[in-house]
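Dear colleague,

Please find the structure handed over below. My notes on what was found in it follow directly after.

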Number of protein chains: 2
Amino acid sequence: MIDRLCIIGVGLIGGSLARALKTTGACKEVVGYGRNAASLKKALQLGVIDRFETKLYPAVKGSDIVVICVPVGAMKDVFCQLAPLLTQDMIVTDVGSSKRSVVEAAQTAFGYLPANFVPGHPIAGTEQSGVEASFAELYHGRRVILTPVAETDHKAVEAVQSMWQKAGAVVTKMQVDHHDEVLAATSHLPHLLAFTLVESLARMDEKAEIFEYAAGGFRDFTRIASSDPVMWHDICLANAKELLNMLNRFSADLEKLRKAIKEGDSQYIMSVFQTAKQARDRFCGN
Amino acid sequence: MIDRLCIIGVGLIGGSLARALKTTGACKEVVGYGRNAASLKKALQLGVIDRFETKLYPAVKGSDIVVICVPVGAMKDVFCQLAPLLTQDMIVTDVGSSKRSVVEAAQTAFGYLPANFVPGHPIAGTEQSGVEASFAELYHGRRVILTPVAETDHKAVEAVQSMWQKAGAVVTKMQVDHHDEVLAATSHLPHLLAFTLVESLARMDEKAEIFEYAAGGFRDFTRIASSDPVMWHDICLANAKELLNMLNRFSADLEKLRKAIKEGDSQYIMSVFQTAKQARDRFCGN
């Protein structure tokens, strides 16, 4: 049982965690904190949080777990404000999509890596954002990756793991850099490609005619381009190294396919498409 | 009312058209033709067609409309077989995703462009294929593009338009080359990118671990990579010119974004992501 949980940044991710823990009775009180008072009021009205604070000290005071749910570019500022308020019995975790950058931000802000800070990342979300989009079932059956470092206390890891499990998630542990590599491949690069394609078409399409002929496949393919630009801007810069590695690999493969199409190399095209279909059918189902 | 409709290639697209026209009573008899007898038997069992033929002549004989639903790479062969059987009161249309290649195939096979041949393309489908995946509602509210040429008889165009409208579709007319440009942008390039990304990851991921951490966004983004490889191989080669034009434009934009991420150009990244989100929210909704 968590007596008091503090959510810093009550949007889709933080709001859904709060809803899940309240729904299952895993948490007595949820305190919200953020820069946007209107959004916090909304969260209170929706019953997502029990109260909110607009100053950090009363928000985190007496909290068992503080979950930081802000875009990764804002993590360092939050850590800096949190540093003088951190106590030994307060566990801190985050939900950032890039973990090397968050660990480095914590190191800089605290001057060391606190034993009760557990870097984490729930692999869940929708293209929506804001507390209105939050729902208690978001984490059901979804993976949460924790990336503890050498300094991290294993009891803190267990507490954060238990919290996510009570929200319905399956928790895995991973090395920080491996996390960033895997997420660059399955999440950050796809977002980059979707944003680029839609922007590219929007710019060439003065009469907005092209999109009228977009079918279901295009809608699905570009759904992630409706994601929050600030959040994804931050992720691209925070995980630039792994993202650029993946992008270079992808661009080289795309160039090979471009050449094959230009030269009418049926065999190469078929082999790429067949491998892709087999892999996706096998791992993703529908 | 269509007395007799012949579907050449009874899969997702042809099967769904047959189901739609039978459901609404817009067609008395549907005759199926194809190379795969097992699939035709299945179509008969499912009630998608009323009978099937394994020779082309009895299949098309007496048909008001013949709809060719084979991969675009197989169109020329079908036209060649159809050429000696074509009568003046038989309307022929197709469903190919690239129209210049189909028009050229017809020109080569017939030696001229028959007045009662209406090139067409329903902008509908799923990543599934085969007659088992067909359903009567596939075309409800979806667009069908017809690309008549100078030789095409307007009465034939009207008949094909009426057929698609009875299946629930919204019919638009477009120039052949403009169709190919629009579809390269909204369909062919996205498929190419999805196939390339999934193949790229499958190849680097010996332990199949990466896909385990793929969330809903990745599933949506790569859904079209589960599409039929033969169909998409054919489309890429058939519409190579427009597809390569779009790919070059996309690659140039991707390179600009790569540079911006490398150089930490926040402003550029934000502007691309914001434009993309606005365009997608505006034109695609969810």
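This is a predicted model: local features need pLDDT of at least 70, side-chain atom pairs count only at pLDDT 80 or more; totals for chains, interfaces and linings use all residues.

Which residue is the bridge partner of L146(B) in strand 9 of chain B? The partner is K173(B). Strand 8 (residues 143-146) and strand 9 (residues 170-173) of chain B run parallel and are joined by 4 bridges; two strands are said to pair if DSSP finds at least two bridges between them. Together with helix 6 (residues 154-166) of chain B, these strands make a right-handed β-α-β unit. Right-handed here means that, with the strands pointing away from the viewer, the path from the first strand over the helix to the second runs clockwise. Helices (H or I, at least four residues) and strands (E, at least two) are DSSP runs, numbered from the N terminus.

Residues are numbered from 1 along each chain as its sequence is written, chains are lettered from A and ligands numbered from 1 in the order in which they are written, and side-chain values use heavy atoms, with hydrogens and water left out.

As to confidence, chain A has a mean pLDDT (the predictor's confidence in each residue, from 0 to 100) of 95, and 99% of its residues reach 70 or more. The model scores ipTM 0.91 and pTM 0.91.

In chain A, 6 strands form an open sheet with parallel pairing, in the order 3-2-1-4-5-6. Its edge strands, each pairing on one side only, are strand 3 (51-53) and strand 6 (117-118) of chain A. Strand 2 (residues 27-33) of chain A is joined to strand 3 of chain A by 3 bridges; G32(A) has F52(A) as its bridge partner, and V31(A) has R51(A). Helix 2 (residues 37-45) of chain A packs on the sheet, touching strand 2 and strand 3 of chain A. The direction of helix 2 makes about 165° with that of strand 3 of chain A (axes are lines fitted to C-alpha atoms, for helices over the stretch in contact, and angles run from 0 to 180 degrees between N-to-C directions). Strand 2, helix 2 and strand 3 of chain A make a right-handed β-α-β unit.

On its other pairing, strand 2 of chain A is joined to strand 1 of chain A by 6 bridges, with R4(A) opposite E29(A). Because 6 of the 7 residues of strand 2 of chain A are buried (under 20% relative accessible area, with a 1.4 Å probe and protein chains only), this strand is largely enclosed by the rest of the structure.

Turning to the two copies, chain A can be laid on chain B with an RMSD of 0.0 Å by a turn of 180° and a shift of 0.0 Å along the axis (superposed by least squares on the C-alpha atoms of residues with pLDDT of at least 70 in both). The copies are thus related as by a two-fold rotation axis. F221(A) comes closest to this axis among the residues of chain A, at 2.0 Å (C-alpha).

M270(B), in helix 11 of chain B, is buried, with a relative accessible area of 16%. Leaving aside neighbours within four places in sequence, M270(B) is in contact (heavy atoms within 4.5 Å) with P229(A), V230(A) and H233(A).

With kind regards

Note on methods:
Buried means under 20% relative accessible area, exposed over 50%, partly exposed in between (1.4 Å probe, protein chains only).
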